[in-house]
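Here are my notes for you to read next to the model. Have a look at the structure first, then work through the points one by one.

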Amino acid sequence: MSDVTTTLRAAGLRVTAPRRAVLTWLAAHPHSTVDEIGTGVRSVLGSVSTQAVYDVLGACAEAGLIRRIELPGHPARFERRAGDNHHHVVCRRCGRTEDVDCVVGAAPCLTPDDAHGFLVDEAEVVFWGVCPGCRATTSRKEASP
C-alpha cells in the first residue's frame, strides 16, 4: 500500500485517483498553486476538472493533510507539510516560496503582547525579499549595454 493511500485512509478519507494524484504531486512540488496542481494531475490522470482539484484540496486541508498558504497579492498555494510549526520566505518578484523552520520553541513560537483573550495556537510569519534567481536576473540586466 502506498504512503498516500495509507495517509488518506488514516485521515478517514476515501482513496480516489484524484486525491492520490494531488497528494503525490504536492509531495514533489510544495507551494504549488491550484493551476500548477491541476496541470500536474492532468499529466498523470488525463481529464480532471479544476473544480475536482479544488474539492480534493478542500477535503485534504480540512483533514489536516495539507496546508493552504494565502499570501497577499499571490494566489493560494498548497503544501503537504502541515501541522508543524514552520513559516515561509517569499520572493516579491517571482513568488517563489520556501519553508523556514521556526527557531523558537513549540507552536505558536511567537507570543503576542496582548492576545485580547484569545487562546493562540498558531503564528504565521512570512519573510519577504528577492530570491537568488531574481537577483541574478537583475544583475545581468544591469550589466548588459
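1. Let's start with a pair of charges: the side chains of Glu-70 and Arg-68 meet in a salt bridge, 3.1 Å from N to O. (A salt bridge here is a side-chain nitrogen of Lys or Arg within 4 Å of a carboxyl oxygen of Asp or Glu.) Glu-70 is exposed at 56% relative accessible area, while Arg-68 is partly exposed at 41%. (Buried means under 20% relative accessible area, exposed over 50%, and partly exposed in between, with a 1.4 Å probe and protein chains only.)

2. Before you go on, a word on where this comes from. This is a predicted model, where local features need pLDDT of at least 70 and side-chain atom pairs count only at pLDDT 80 or more, while totals for chains, interfaces and linings use all residues. Residues are numbered from 1 along each chain as its sequence is written, and side-chain values use heavy atoms, with hydrogens and water left out.

3. How many salt bridges does the structure hold? There are eight. One of them pairs Arg-77 with Glu-36, with the closest N and O atoms 4.0 Å apart. Arg-77 sits in strand β3 and Glu-36 in helix α3 (residues 34-45), so this pair ties together parts that are 41 residues apart in sequence. (Helices, H or I with at least four residues, and strands, E with at least two, are DSSP runs numbered from the N terminus.) Is Arg-77 buried or exposed? Arg-77 counts as buried, at 10% relative accessibility, whereas Glu-36 is partly exposed at 37%.

4. Now find Asp-99, which forms a salt bridge with Arg-81; their closest N and O atoms are 3.5 Å apart. Asp-99 lies in strand β5 (residues 97-101) and Arg-81 in the loop between β3 and β4 (86-91), so the pair ties together parts 18 residues apart in sequence. Arg-81, Asp-84, Asp-99 and Asp-101 are linked in a network of salt bridges.

5. The side chain of Arg-67 reaches the backbone oxygen of His-86 at 3.2 Å. Leaving aside neighbours within four places in sequence, Arg-67 is in contact with residues including Arg-77, Arg-81 and Glu-122. (Contact means heavy atoms within 4.5 Å.)

6. Finally, zoom out. The protein chain has five helices and six strands, and buried residues make up 32% of its 145 residues.

Key:
Polar contact = N/O pair within 3.5 Å; in protein donor to acceptor, adjacent residues only side chain to side chain.
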